[in-house]
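Take a look at the chain below.

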Amino acid sequence: MATEVKVPTLGESVTEATVGQWLKKPGEAVKADEPIVSLETDKVAVDVPAPVAGVLGDIVAKEGDTVEVGALLAYVNEGAAAGAAPAAAPAAAKAEAAAPAPAASAPADDEEGGNLTLSPAVRRLVLEHGLDPSKIKGTGKDGRLTKDDVVAAAAAGTAKAAALAPAAAPAAAAPAAGPSRAQERVKMTRLRQTVAKRLKEAQNNAALLTTYNDVDMTNVIEARAKYKDLFEKKHGVRLGFMGFFTKAVCMALRDIPGVNAQIEGDEIVYNDFADISVAVSAPNGLVVPVIRNAESLSVADIEKTIGNFGKKAKEGTLTMEDMKGGTFTISNGGVFGSLLSSPIINPPQSAVLGLHRIEDRPVVRDGQIVIRPMMYLALSYDHRLIDGREAVTFLVAVKNAIEDPTRLLIDL
């Protein structure tokens, strides 16, 4: 009996997806609820599980196809796991007889297939480092390999694929042909297409303007250094700078509500809550999960939420609900070394705060030139809704709260 595998409900307002990668091949045994195909939506990658145990049959939707919710993806033949192997054996033997050569490709197939289910990001990393995934212990859900597992194995050098060395010999023997001018065309993922569309939409529709300021990080750095060990011991999470900035932003949004508003038609919608979107780097690109009601959370709660988002982003397990909504965005380019940039707002939001790297710079304090750890702040906003006075007042409020963290405690 063949059971249909269909595109599941993907989330509110999401009606279609792109088939990213088949994690199983026709004829391979699958377990019930085991991921068999990865779909790319506008925001996240979604793994579709097998509805029943059996053998993957005909694949209807190929990689790269656009499919709608409810569309047929493939069939799973129930109860065929036991009898499938003998039937497939003659065909496999015939295939081997017809193609005796590529000894190097077989181990690669074993690495990528077999009983291991690898996400696209993990599969790419395994191939880049020439590793055998069967020799790597997975720490993800149900023992699945994560990106961190592969990176750790590559650093340790304990999971090298034995068959990769012979394959390199013919290439080494080839005569030098001069500098390469090869090109590669790779289709944009649905996530990247959506990011490009939304950013261009923001430039076309909003009256974008950016205002800048700098902030002295001395007191926050000292507070973090003083309490980070106690904080981690009590709350089980590291104390970073994002908790301070998120709380400072929430206080400033309360004082300047226009920065937390959005335009809908000919109306302005003011939000009495702060759902803060935080930009997080994921294998497939930048994603922006949302901290709900951040104004009511403690610094510890904020740090725990951000840490959880970071882990889920690396494992590719962020959901549509994680990234739904948001009234204001914080983007921290400083973790990648950015000195200064002008972020673009995330529609329909009206503003985004860009954080940058901390570096020692000479500044004047009480008539003396001193060295301080300084960071540039950039607030990009929709000038249709937010006036320059409001933008500057908001940015100064964030600056004052960071330079004097006591303000965060006494709500000043």
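A polar contact is a pair of N or O atoms within 3.5 Å; inside a protein, one of them must be able to donate a hydrogen and the other to accept it. Keep that in mind for T3. This is a predicted model, and in it the side chains of T3 and E78 are joined by a polar contact of 2.6 Å.

Where does T3 sit? Its place is in strand β1, which covers residues 2-6. Is T3 buried or exposed? The cut-off for buried is under 20% relative accessible area. T3 has 16%, so it counts as buried. Beyond its neighbours within four places in sequence, T3 is in contact with P51, V52, A74, Y75, V76 and E78.

Now look at the whole of β1. Side chains in a regular strand alternate between the two faces of the sheet. In β1, T3 and V5 make up the covered face. A2, E4 and K6 make up the uncovered one. β1 also has a partner: five bridges join it to strand β8, residues 72-78, and the two run antiparallel.

Next comes strand β2, residues 16-22, where E16 is found. E16 is partly exposed, because its relative accessibility is 31%. Leaving out residues up to four places away in sequence, E16 touches L10, T66, V67, E68 and R190. E16 and A71 are 55 residues apart in sequence, yet their C-alpha atoms are 9.2 Å apart in space.

Turn to the rings. Two numbers describe a pair of aromatic rings: the distance of the centres and the angle of the planes. How many aromatic pairs are there? The count is one. F328 and F394 form it, with 5.5 Å from centre to centre and 50° between the planes, which makes the pair tilted. F328 lies in strand β16 (residues 328-332) and F394 in helix α11 (residues 388-403), so the pair ties together parts that are 66 residues apart in sequence. Both F328 and F394 are buried.

Charges meet rings too. R224 has its charged end over the ring of F241, 5.1 Å from the centre. R361 does likewise with Y376, at 4.1 Å from the ring centre.

Of its 412 residues, 39% count as buried. Among contacts with a separation of 6 or more, 63% come from residues 24 or more positions apart. The accessible surface comes to about 22500 Å², and 54% of that belongs to carbon and sulfur atoms.

Terms used:
Residues are numbered from 1 along each chain as its sequence is written. This is a predicted model: local features need pLDDT of at least 70, side-chain atom pairs count only at pLDDT 80 or more; totals for chains, interfaces and linings use all residues. Side-chain values use heavy atoms; hydrogens and water are left out. Buried means under 20% relative accessible area, exposed over 50%, partly exposed in between (1.4 Å probe, protein chains only). Contact means heavy atoms within 4.5 Å. Accessible areas come from the Shrake-Rupley method with a 1.4 Å probe; for residues, only the protein chains shown count as cover. Helices (H or I, at least four residues) and strands (E, at least two) are DSSP runs, numbered from the N terminus. Two strands pair if DSSP finds at least two bridges between them. Rings of Phe, Tyr and Trp (its six-membered ring) pair if their centres lie within 6.5 Å; planes under 30 degrees apart count as stacked, over 60 as edge-to-face and the rest as tilted. A charge sits over a ring if NZ of Lys or CZ of Arg is within 6 Å of the ring centre and within 35 degrees of the ring normal.
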